Amino acid sequence: MISFVIALAVLCIGSCLYGRFVSRVFGVDPSRKTPVHTKADGVDYVLLPTWKIYLIQFLNIAGLGPIFGAIMGVMFGPAAFLWIVFGTIFGGAVHDFFSGMLSLRRDGASLPEIVGEQLGNKVKQVMRGFALILMILVGAVFVYNPADLLAMLTPEHLDKMFWIVVIFAYYMAATLLPVDKLIGKLYPVFGFALLFMAVGILVMLFVHGDALPEMWDGFYNHKSDPASSPIFPMMFVSIACGAISGFHATQSPMMARCLGNEKHARIVFYGAMVTEGVVALIWAAAAIAFTGGYSSLEATLAGSSPAVLVNNLSSSWLGAFGGILAILGVIAAPITSGDTALRSARLIAADFMGVEQKNIVKRLAVSIPIFVLCFVIMLLPYEVLWRYFAWCNQELSVFTLWALTVYLAARKKMYIVTLLPALFMTCVTTTYIFFAPEGFSAITTGLWEVPIPYELAVCIGVAVSGVFLAIFTMWLRSYEAKPELA
């Protein structure tokens, strides 16, 4: 319990100090007009209170990531707690804040346009397709768990397919309606419920803290087969939303279009990510404390889904009210990430096609193909969708971090704050795609009947990061040598 308290304190204090630092690095300007004042349209550019934007942003980026991801990822051992703490402070929160600020400075532009502006037109075209596919994947992935739970809680004739259709109908409404009509009214309520549940679990952790092992009691991978699931890179992909997630940067433009003043950007973008890290830390610790240890947690997860554990834990520790909150969280959290993912997909497609979205007919013209494709993908096996979503999600963070690094370097700002996480995540995602069973190993095993060795995959990851660093260094020298910059 002592190590958990230390981790929580470091996360809160460290993020507060570092958040102020990165805010100064970017150069927040409270006197600068934000997009909502220059492009108000009553649909996507709608002025909302800062507290509401913060809760919406938190719920947009959270989903089930800081709960399910933390519960499953904590099996990597104490390293999971360190990744949540330091990944949030120096990676995820920086990634979210800078991408949100860049969107603010670009009239609320969507992520592919922001990245393309920094890394070139060819990258922009790739990012448009990549981000659009990821958003549709998110919409599809985050239907299954709530549909399953709703089917269990309702009469037999209201089966899983019925709830998939209902959830999808909600997706369509949230994607098409003005942001303040549905999202602006429901999300703050759900966001508060998710936070309230986390605070309740935190309080009960101090009651049941004796069952929580200390980091120094056994600093090793607690997976049953650590050789097939090494901490690097598997943990850094498994625990995404509680540390760093590329998906977040696709959500920031939605709130950048509603923010009234740049001075609130740190609270909304950096603060929401830190809040998510705190929630992930709480649930990771709670899962171990409730089940009685790593071995018991592994046995529990082997026999049921994390949703069952969340429900049992909340009901046991918080009573009937906690059970209601757990159900609300497990159902609402993924749905509220899925619908905003499809809304982001609409904005991304509208941005690169140059179609204004004030008119409902034009919103429908952009959205209908997205809805159809999402529904088709939704019919694929959930396990396949989740594995590829996890890698695509972290790969998107790599694109974003490199774009942010170029942006800062071009303006002679302290680009090291994004360069280091960019290099690290490049190494993580490259190693993962070469080592993971669903990556290139699946191809090589079929051809040569031998998977890519772990050591070779790590070397490839390090080498690719080195190549990216060399390219960036050459670009920077060339850029600084231009006469107009002298």
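Guide: What follows is a set of questions and answers on a predicted model.

Visitor: Which residues are the closest to the centre of the second largest pocket?
Guide: A general idea comes before the names: rolling a probe the size of a water molecule over the atoms shows where empty space is left. In this model, the second largest pocket holds about 360 Å³ of space. Of the 17 residues that line the second largest pocket, the closest to its centre are Leu119, Val123, Trp402, Phe468 and Ile471.

Visitor: Which helices each supply at least two residues of that pocket's lining, and how many of the lining residues are nonpolar, polar and charged?
Guide: The helices that each give at least two residues to the lining of the second largest pocket are helix 6 (111-119), helix 7 (121-153), helix 16 (382-410), helix 17 (416-435) and helix 19 (454-480). Sorted by class, the lining of this pocket consists of 12 nonpolar, four polar and one charged residues.

Visitor: How are the rings of phenylalanine 86 and phenylalanine 90 arranged, and why?
Guide: A pair of aromatic rings is described by the distance of the centres and the angle of the planes. The structure holds 25 aromatic pairs. For phenylalanine 86 and phenylalanine 90, the ring centres are 6.4 Å apart and the planes stand at 10 degrees; because planes under 30 degrees apart count as stacked, this pair is stacked.

Visitor: Where do phenylalanine 86 and phenylalanine 90 lie?
Guide: An α-helix has 3.6 residues a turn, so residues three or four places apart point the same way. Phenylalanine 86 is partly exposed at 41% relative accessibility, and phenylalanine 90 is partly exposed as well, with a relative accessible area of 38%. The two are four residues apart, about one turn of the helix, and both lie in helix 5 (residues 79-105).

Visitor: Which residues form one aromatic cluster, and which ring has the charged end of lysine 223 over it?
Guide: One aromatic cluster is made up of Trp402, Tyr415, Phe468, Phe472, Trp475 and Tyr479. As for lysine 223, its charged end sits 4.9 Å from the centre of a ring, and that ring belongs to phenylalanine 76.

Visitor: How many disulfides does the count come to?
Guide: A disulfide is a covalent bond between the sulfur atoms of two cysteines, and the cut-off used here is a pair of sulfur atoms within 2.5 Å. The sulfur of cysteine 16, a partly exposed residue at 33% relative accessible area, is 9.3 Å from the closest cysteine sulfur, that of cysteine 12, which is too far for a bond. Cysteine 374 is buried at 0% relative accessibility, and its sulfur is 15 Å from the closest cysteine sulfur, in cysteine 392, again too far for a bond. By this rule, the number of disulfides is zero.

Visitor: How many residues of helix 11 are buried?
Guide: Buried means under 20% relative accessible area, and helix 11 (residues 247-256) is mostly covered. Its buried residues include Phe247, His248, Gln251, Pro253 and Met255. The number of buried residues in helix 11 is 10 of 10.

Visitor: Which two residues does a cis peptide bond join?
Guide: Most residues other than glycine have a negative phi, and most peptide bonds are trans. With omega at about 10 degrees, the cis peptide bond joins phenylalanine 232 and proline 233.

Visitor: Where do aspartate 107 and lysine 412 lie?
Guide: Neither residue is a glycine, yet aspartate 107 has a positive phi of about 60 degrees, and lysine 412 has a positive phi of about 55 degrees. Aspartate 107 is partly exposed at 38% relative accessibility, while lysine 412 is exposed at 62%. Aspartate 107 is in the loop between helix 5 and helix 6, and lysine 412 is in the loop between helix 16 and helix 17.

Visitor: How far apart in space are glycine 65 and alanine 280?
Guide: Glycine 65 belongs to helix 4 (residues 65-73) and is buried, with a relative accessible area of 15%. Along the sequence, glycine 65 and alanine 280 are 215 residues apart, but in space, from C-alpha to C-alpha, the distance is 8.0 Å.

Conventions
Residues are numbered from 1 along each chain as its sequence is written. This is a predicted model: local features need pLDDT of at least 70, side-chain atom pairs count only at pLDDT 80 or more; totals for chains, interfaces and linings use all residues. Side-chain values use heavy atoms; hydrogens and water are left out. On a 1 Å grid over the protein atoms alone, a cavity is a set of points where a 1.4 Å probe fits but cannot get out, and a pocket is an open set with protein on both sides within 12 Å along at least five of seven lines; lining residues have an atom within 4 Å of a point. Grid points are joined across faces, edges and corners, and a volume is the space filled by probe spheres set on the points. Ala, Val, Leu, Ile, Met, Phe, Trp, Tyr, Cys and Pro count as nonpolar, Asp, Glu, Lys and Arg as charged, and the others, Gly among them, as polar. Rings of Phe, Tyr and Trp (its six-membered ring) pair if their centres lie within 6.5 Å; planes under 30 degrees apart count as stacked, over 60 as edge-to-face and the rest as tilted. Buried means under 20% relative accessible area, exposed over 50%, partly exposed in between (1.4 Å probe, protein chains only). A charge sits over a ring if NZ of Lys or CZ of Arg is within 6 Å of the ring centre and within 35 degrees of the ring normal.
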